[in-house]
Amino acid sequence: MSKINTVKIDRRDFIASLGGAAAVGLMSHETRADALEHHLEELLYAQAEGSASGSSGAADFPTAAEVHERITTRHYRRGVGGLFLNTNTENVELLPAMPANPTIMDFFDKRFMRTRGHCFQSAAKAMERGVQEEVVLACLLHDVVQEMMRSDHGYWGAQMFEPYVPEITSFAIRYHQALRFYTDTEAGYEYPDLYHRIFGKDYVPAPHIQAAKDYAEKHRWYFAAREVTVSDLYAFNLDAVVSIDPFVELLGRHFKQPAEGLGNDNSPVAHMWRTMANPDAPL
Ligand SMILES: [Fe+2]
Ligand SMILES: [Fe+2]
């Protein structure tokens, strides 16, 4: 399995994801190998959606056609959000209850568990690079919608946040999705090697992505969307200690928290927040 050499695995995280050392001890060799594959896949997803130039060997890069052929080897679609799918074990776990009037902090705390680490790192990098607060905010929020939906996540994310953040912030969230496929050496962004693995080495972005890139490139806020992709590159480290603390005041200044709670404010996107607050609702 050449993948083992190309993706960094935290041994303790991996064992914990399988239910601890005792559970691992009871597994057959084959089951353990399967579990490792699942864990690697999760890491690759995180890297693909997040960041990471990765250190993958070019020999492992599939073609786009080979990526396509793998669709039917999974029991789920690649676009499904992390809140709705558990690739590590058979069953999902009960989620912590949300308060009656949930805030953005509650969502970070109780629903954005799979994406927040990457987003905190990305925002910390943007802050370190001295960009304006509205753009740090975009980095902080740029991938959390992947808890619900991975496909076209820039658009889903921008829409979900639009009523609550400055316009430049939702612009940056929307267009980071397209810009991450295009190198901008001057800005410090190179096409991540890992995308060759996730999308295929000969992958060509869809026409709407190419059109979005052309539009964003000419826009006065290009730098904001580009910053999300640049900070993204530095934001995949499984061992990093990260928290929301450095961003609480910034959220207070720029995130318009509805008094009724996210999901209860009758906004055009309230249903998205309710869906994430209660992903076990059957209809
Ligand atoms: Fe990201
Ligand atoms: Fe992203």
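Begin at Ala138, which touches Thr169, Ala172, Ile173, Ala224 and Val228, leaving aside residues up to four places away in sequence; contact here means C-beta atoms, placed from the backbone, within 7 Å. This is a predicted model, in which local features need pLDDT of at least 70, side-chain atom pairs count only at pLDDT 80 or more, and totals for chains, interfaces and linings use all residues. Residues are numbered from 1 along each chain as its sequence is written, while chains are lettered from A and ligands numbered from 1 in the order in which they are written.

Now look at the helices α8 (residues 133–141) and α13 (residues 222–233), which pack at an angle of about 50 degrees with their axes 9 Å apart. Helices are DSSP runs (H or I, at least four residues), numbered from the N terminus. Axes are lines fitted to C-alpha atoms over the stretch in contact, and angles run from 0 to 180 degrees between N-to-C directions. The angle makes α8 oblique to α13 (under 35 degrees is roughly parallel, over 145 roughly antiparallel, 65 to 115 roughly perpendicular, and the rest oblique). Val135, Ala138 and Cys139 of α8 meet Ala224, Glu227, Val228 and Ser231 of α13.

A second pair to find is α9 (residues 153–161) and α10 (residues 167–179), packed at about 170 degrees with axes 7 Å apart. That makes α9 roughly antiparallel to α10.

Notes
Helix = DSSP H or I, 4+ residues; strand = E, 2+ residues; numbered from the N terminus. Contact = placed C-beta atoms within 7 Å.
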